[in-house]
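The following questions and answers examine how terms are applied to a structure. Please consult the sequence and the model while reading.

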Amino acid sequence: MAKRKPHNPAEDMRLRLEQAAARAERDRLKGQGIDALVVAEWDENKVKHWVAKGNRKDVFRVLLDRRAIDQNAFDAIRRYEEALDTSMGHNSPERRPDYIRASSDGAPGQNISQAMILASHRARWVRDRLSATDMRLLDTLRMNAPAHWHQIVQMVTGEVNDDAHAPRVRAMAENVRDAMASFDRLSKKAA
């Protein structure tokens, strides 16, 4: 028969208080649109601790999980975001905000690669193919918390019916997907 550990009321109280604090933090994070849960972890001394862990989702991931947009449209939005980052040089090592170097040749990041130019063309192509409302909706949704997406759609489009918000975002996402597909078709023809 295995021996049981002696009961420690102070340790029980600590665990209960820690678990209550972790649950409160989980609820606070969920209110901000973060997918959060309470988990038990053990430190290096084999002491149990309750912590809240979360995964911040952007609005497009939330809408994909709710099946408001399809996977191809979601992937097209991610490709557009990647094209924006690449065209601005955020993906190149010398232009990362955490890596700045000076040289006698000029300011950091003055070198522009062919990938940056192509990404710039791709982003401009998408911007030119979207209506002004769709572009404003895409930019505003990208910059704001997922918990407020209904208010953002209402603010940008003027649509007050909550049931029409998801179809409006779906239409915008499909327009991004179609613009990306047309850019890919023209790139293949040129090559």
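Q: What makes the contact between H6 and H7 in this predicted model, and which residues of H6 meet H7?
A: The model is predicted. On the H6 side, the residues are Trp149, His150, Val153, Gln154 and Thr157, and they meet His165, Ala166, Arg168 and Val169 in H7. By class, this contact has four nonpolar, four polar and one charged residues.

Q: Why are H6 and H7 given the description they have for their relative direction?
A: The axes of H6 (residues 149-157) and H7 (residues 165-190) come within 10 Å and cross at roughly 70°. Angles of 65 to 115 degrees count as roughly perpendicular. H6 and H7 are therefore roughly perpendicular to each other.

Q: How do you know whether the span of H7 agrees with its number of residues?
A: H7 has 26 residues, which at 1.5 Å a residue should span 38 Å. The end C-alpha atoms of H7 are 38 Å apart, which agrees.

Q: Which residues of H7 are called buried, and what do they pack against?
A: A residue is called buried when its relative accessible area is under 20%. In H7, the buried residues are His165, Ala166, Val169, Met172, Ala173, Val176, Ala179, Met180, Ser182 and Phe183. They pack against H2, H3, H4, H5 and H6.

Q: Why is aspartate 75 called neither buried nor exposed?
A: Aspartate 75 lies in H3 (residues 71-87). Buried means under 20% and exposed means over 50%; at 33% relative accessibility, aspartate 75 therefore counts as partly exposed. The C-alpha atoms of aspartate 75 and valine 176 are separated by 9.7 Å, although the two residues are 101 residues apart along the chain.

Q: Which members of the largest nonpolar core touch the most other members?
A: The core has 32 residues, of which Phe60, Tyr80, Leu138, Leu141, Val169 and Val176 touch the most other members. H2, H3, H4, H5, H6 and H7 each supply at least two residues of this core. Leaving aside neighbours within four places in sequence, leucine 138 is in contact with Phe60, Ile77, Tyr80, Leu130, Met172 and Val176.

Technical notes: Residues are numbered from 1 along each chain as its sequence is written. This is a predicted model: local features need pLDDT of at least 70, side-chain atom pairs count only at pLDDT 80 or more; totals for chains, interfaces and linings use all residues. Side-chain values use heavy atoms; hydrogens and water are left out. Axes are lines fitted to C-alpha atoms, for helices over the stretch in contact, and angles run from 0 to 180 degrees between N-to-C directions. Helices (H or I, at least four residues) and strands (E, at least two) are DSSP runs, numbered from the N terminus. Angles under 35 degrees count as roughly parallel, over 145 as roughly antiparallel, 65 to 115 as roughly perpendicular and the rest as oblique. Contact means heavy atoms within 4.5 Å. Ala, Val, Leu, Ile, Met, Phe, Trp, Tyr, Cys and Pro count as nonpolar, Asp, Glu, Lys and Arg as charged, and the others, Gly among them, as polar. Buried means under 20% relative accessible area, exposed over 50%, partly exposed in between (1.4 Å probe, protein chains only). A nonpolar core is a set of buried Ala, Val, Leu, Ile, Met, Phe, Trp, Tyr and Cys residues joined through side-chain atoms within 4.5 Å. The expected span of a helix is 1.5 Å times one less than its number of residues.
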